[in-house]
Amino acid sequence: MKTLSWIFALLLALACACQKTDQPQTSKERKMEFVIQSSAFTDGGPIPARYTGEGDDISPPLSWSPVPERTKSIAVICDDPDAPGRIWVHWVLYGLPPDTTELPAGLPADETVLGSAMQGINDFGRIGYGGPMPPPGKPHHYLFKVYALDIDPELEPGATK
């Protein structure tokens, strides 16, 4: 079994600026940023084995706030910018209701989860979350990004990033 000491988590919260161009943003909206966290690991800390491809390979619990007022849906992407050759996508989740502020650990690898949210195909070629399992070498960082969208995407399950 490989050591997991070289796996690091980097939580990055991004609010997607998906405002219509004819609706100017207020200074409050321009300054609003999500705070995203996980009860399973800390920002910059190692991801526990159960959330990696070397362990149980289950999605970690995540929570975020505040959600912007005009949000119509939420999307979550997890990727690895340190993968050889390109950014490696570990998770694509979209169509979450706008009042969603957390995800439990261990979402099933189903096309539809949590009632109406849909999961896309990751770079492992599977639906749902695929945990970190980088090749030996330099440390990798995993970005968990939350997007507040002003649309409800008209996508079927299985979309790619």
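Author: A strand is a DSSP run (E, at least two residues), and strands are numbered from the N terminus. This is a predicted model, in which local features need pLDDT of at least 70 and side-chain atom pairs pLDDT 80 or more, while totals for chains, interfaces and linings use all residues. Residues are numbered from 1 along each chain as its sequence is written, and side-chain values use heavy atoms, without hydrogens and water.

Reader: Which strand gives the most to the lining of the second largest pocket?

Author: On a 1 Å grid over the protein atoms alone, a pocket is an open set of points where a 1.4 Å probe fits, with protein on both sides within 12 Å along at least five of seven lines; lining residues have an atom within 4 Å of a point. Val92, Leu93 and Tyr94 are among the lining residues. With 3 residues, the largest share comes from strand 5.

Reader: How far apart in sequence are the parts tied together by tryptophan 91 and tyrosine 129?

Author: Rings of Phe, Tyr and Trp (its six-membered ring) pair if their centres lie within 6.5 Å; planes under 30 degrees apart count as stacked, over 60 as edge-to-face and the rest as tilted. Tryptophan 91 is in strand 5 and tyrosine 129 in the loop between strand 8 and strand 9, so the parts are separated by 38 residues.

Reader: Is tryptophan 91 buried or exposed?

Author: Buried means under 20% relative accessible area, exposed over 50%, partly exposed in between (1.4 Å probe, protein chains only). Because its relative accessible area is 0%, tryptophan 91 is buried.

Reader: Which residues does aspartate 57 touch?

Author: The loop between strand 2 (35-37) and strand 3 (62-65) holds aspartate 57. Contact means heavy atoms within 4.5 Å. Not counting residues up to four places away in sequence, aspartate 57 touches Arg50, Thr52, Arg126, Tyr129, Gly130 and Gly131.

Note on methods
Helix = DSSP H or I, 4+ residues; strand = E, 2+ residues; numbered from the N terminus.
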